[in-house]
Amino acid sequence: MKSVLCFPLFILLIVSMHMGWAFAAEKPSIEKGRLLFNSQSLSGATSGKSCAECHPGGAGLENAWKNQNLAGQVNTCIAGPLKGLKLDENSIEMQSVIMYIRSLKPQH
Ligand code: HEC
């Protein structure tokens with residue numbers, strides 16, 4: 001009897017592993033970050049504002065790459081002015097927004 005149960009469970013395991021890999025394949029990127037930064041619906045934002053509303057084109061964030069608590073600061077601006085939900089620091093969205101902000105570092 002037990003082996004009858006084991007097989008479907010095994011299949012389920014394999015399928016869920018594949019789905020895990022499919023999600024892992026989605027990687028954070030500067031481009032995704034740029035889109036999210038300009039989106040009025042970033043992380044369930046309800047205020048009708050995007051990050052770009054106050055930081056147009058990332059203006060004023062050129063030194064933010066130095067910020068030791070960049071994810072925390074991004075979440076403060078999401079929960080505050082955007083009236084959205086704080087993002088998990090390891091989420092694709094947060095990592096992408098951080099990559100975008102770091103890309104604003106002036107190049108010499
Ligand atoms: C209503 C205006 C407003 C909106 C919208 C807004 N911010 Fe801010 N943000 C501020 C203000 C004000 C500060 C603090 C002043 C400063 O540091 O220049 C700040 C500071 C920051 C900083 C810290 C800058 C530094 O040098 O360390 C980051 C990073 C940041 N915001 C990112 C974002 C992101 C990402 C979004 C979108 C989720 C966003 N902000 C949306 C007003 C806003």
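What covers the buried residues of helix H2 (30–37) includes H3 and H5. Here a residue is buried if 20 or more other C-beta atoms lie within 10 Å of its own, exposed if 12 or fewer, and partly exposed in between, with C-beta atoms placed from the backbone. The model is predicted: local features need pLDDT of at least 70 and side-chain atom pairs count only at pLDDT 80 or more, whereas totals for chains, interfaces and linings use all residues. Residues are numbered from 1 along each chain as its sequence is written.

The protein has five helices and zero strands, and from the N terminus its elements run α-α-α-α-α. Helices (H or I, at least four residues) and strands (E, at least two) are DSSP runs, numbered from the N terminus. Of the 108 residues, 18% count as buried. Two residues are in contact if their C-beta atoms, placed from the backbone, lie within 7 Å. Among contacts with a separation of 6 or more, 68% join residues 24 or more positions apart.

In H2, the buried residues are Gly33, Leu36 and Phe37. These residues line one face of the helix, because they fall within an arc of 100 degrees when seen down the axis of H2; the arc is that of the directions from the helix axis to the C-beta atoms. An α-helix has 3.6 residues a turn, so residues three or four places apart point the same way.

In H5, Met94, Ser96, Val97, Ile98, Tyr100 and Ile101 are buried, and the buried residues of this helix pack against H2 and H4. Val97 illustrates the packing: with its neighbours within four places in sequence left aside, Val97 is in contact with Gly33, Leu36, Phe37 and Val74.

The largest nonpolar core has 14 residues, and those with the most contacts inside it are Phe37, Val74, Ile78, Met94, Val97, Ile98 and Ile101. H2, H4 and H5 are the elements that give two or more residues to this core, and H5 gives the most, with five residues. A nonpolar core is a set of buried Ala, Val, Leu, Ile, Met, Phe, Trp, Tyr and Cys residues joined through C-beta atoms within 7 Å. In soluble globular proteins, nonpolar side chains tend to be buried together.

The ligand is surrounded by 21 residues, of which the closest are Cys51, Cys54, Ala64, Cys77 and Pro81; a residue is near a molecule if its C-beta atom, placed from the backbone, lies within 6 Å of it. Helix H3 (51–54), helix H4 (70–79) and helix H5 (92–102) each supply at least two residues of this shell. The largest share, five residues, comes from H4. By class, the shell has 14 nonpolar, five polar and two charged residues. For this count, Ala, Val, Leu, Ile, Met, Phe, Trp, Tyr, Cys and Pro are nonpolar, Asp, Glu, Lys and Arg are charged, and the others, Gly among them, are polar.

Backbone angles in the loops were also examined. Most residues other than glycine have a negative phi. Ser43, which is not a glycine, has a positive phi of about 50 degrees. Ser43 lies in the loop between H2 and H3 and is buried, with 20 other C-beta atoms within 10 Å. Lys83 has a positive phi near 50 degrees. Lys83 lies in the loop between H4 and H5 and is partly exposed, with 13 other C-beta atoms within 10 Å.
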